[in-house]
Amino acid sequence: MNYGTDYNMNATVDEQGDIATVEDMDNLRQRIHNILLVPLDYYEDDFGSNLYKLLGNDLSTENIRLVELYIKSYLKRDERIKDVRTSNVVVNINRDIIIHVTVVTFEDTEIDTKFEVENNGLVNYMEEEGDEE
């Protein structure tokens, strides 16, 4: 399956001086990141998530479950994603939420990622080592 091509959001240029692109699995990884970090409908209709609305809320079990639910529901809207699993949800001493996310494509390729939702409203995306199986 071809996972598409898009502009590289890291604002890099290629050898010819053109805006660099990402293709296939790198494109899907970038899309996962963007879906969760961009407010819903900010750039285009029905793209992004409302995850930002939960940031800064208390860290009750209910709100942590809502963060997990938002991650799953917004990512599963991408037609290339078959399943989303969350695990190892941790709240650190700074009251940041760290969530491990496994995205499964329709070809059963798994992408393991980690999001850190900081108490101050920032969301960090960190790709884990050995993410393709």
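1. Which residues of the largest nonpolar core touch the most other members? In this predicted model, the core holds 26 residues, and those that touch the most other members are Ile32, Ile71, Leu75 and Val101. The elements that each give two or more residues to this core are the helices α1 (24-37) and α2 (61-75), together with the strands β3 (81-91), β4 (97-105) and β5 (110-117).

2. Buried in α2 are Asn63, Ile64, Val67, Glu68, Ile71, Tyr74 and Leu75. Seen down the axis of α2, these buried residues fall within an arc of 150 degrees, and therefore they line one face of the helix. The cover over them includes α1, β3 and β4, whereas the face turned away from the buried side carries the exposed residues Thr61, Glu62 and Arg65.

3. A search of the whole structure finds 1 aromatic pair. The rings of Tyr70 and Tyr74 have their centres 5.8 Å apart and their planes at 80 degrees, so the pair is edge-to-face. Tyr70 and Tyr74 are 4 residues apart in helix α2, which means that about one helical turn separates them. Tyr70 is partly exposed, with a relative accessible area of 21%, while Tyr74, at 11% relative accessibility, counts as buried.

Methods
Residues numbered from 1 in each chain as written. Predicted model: local features only at pLDDT ≥ 70, side-chain atom pairs only at ≥ 80, totals over all residues. Heavy atoms only, no water. Core = buried A, V, L, I, M, F, W, Y, C linked by side-chain atoms within 4.5 Å. Buried < 20%, exposed > 50% of the residue type's maximum accessible area, 1.4 Å probe, protein only. Arc of directions from axis to C-beta. Contact = heavy atoms within 4.5 Å. Phe/Tyr/Trp six-rings, centres within 6.5 Å; stacked < 30°, edge-to-face > 60°.
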